[in-house]
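Trainee: I have a new model open and would like to go through it. Where do we start?
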Amino acid sequence: MTGALLGWREWAALPELGLPRIKVKVDTGARTSALHTFGVVAFERHGAPWVRFRVHPLQRNDAMMLVCEAPVADRRRVRDSGGHEELRYVIVTPLCLGGAQWPIEVTLTDRDSMGFRMLLGRTAIRGRYLVDPAASYLAPGQGAS
């Protein structure tokens, strides 16, 4: 699928987290993808680190909320676009986009003040897509909403 086009925003899914549809901002300036989460709680399951967190999957809609759980892949310091550093949990989960599915790393952070609930970073799309910053919803199966 190398060379397929994405716009600067797309619809995607994170099926293992129970998110069948989430609008993502494609950001080639960001290395890692980030998901808006809140109420993050670390716990152990069978001796391994896990996190439970809440997600508002729709922009400008706090009424819909999902509770998700995932194994922790890492904890890492991430610098946001404003230069602020934050220690974030990192999970690995499948991303569905344009008819394809593959695992990506996602950091968990509070993006409530941002326009998009998810940022899709360059490592998630490297070798799979090119980005047209003047277009939206170019991935197959997309539609503006």
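Mentor: With terms: helices (H or I, at least four residues) and strands (E, at least two) are DSSP runs, numbered from the N terminus. Two strands pair if DSSP finds at least two bridges between them. This is a predicted model, where local features need pLDDT of at least 70, side-chain atom pairs count only at pLDDT 80 or more, and totals for chains, interfaces and linings use all residues. Residues are numbered from 1 along each chain as its sequence is written, and side-chain values use heavy atoms, with hydrogens and water left out.

Trainee: OK, what is the order of the strands in the open sheet of 3?
Mentor: The order is S5-S6-S7, and the pairing is antiparallel.

Trainee: Which strands stand at the edges?
Mentor: S5 (38-45) and S7 (66-71). Each has a single partner strand, so one side of each lacks a neighbour in the sheet. On average, neighbouring strands here are turned by 20° against each other, direction ignored; axes are lines fitted to C-alpha atoms, for helices over the stretch in contact, and angles run from 0 to 180 degrees between N-to-C directions.

Trainee: How many bridges join S6 and S7?
Mentor: S6, residues 48-55, pairs with S7 over 6 bridges. Arg54 has Val67 in S7 as its bridge partner.

Trainee: Changing topic, where is His46?
Mentor: In the loop between S5 and S6. His46 has a positive phi of about 55° although it is not a glycine.

Trainee: Is His46 buried or exposed?
Mentor: Exposed, with a relative accessible area of 81%. Buried means under 20%, exposed over 50%, and partly exposed in between (1.4 Å probe, protein chains only).

Trainee: And what is phi for Tyr137?
Mentor: Near 55°, also a positive value in a residue other than glycine. Tyr137 lies in the segment after strand S12 (129-132) and counts as buried, at 13% relative accessibility.
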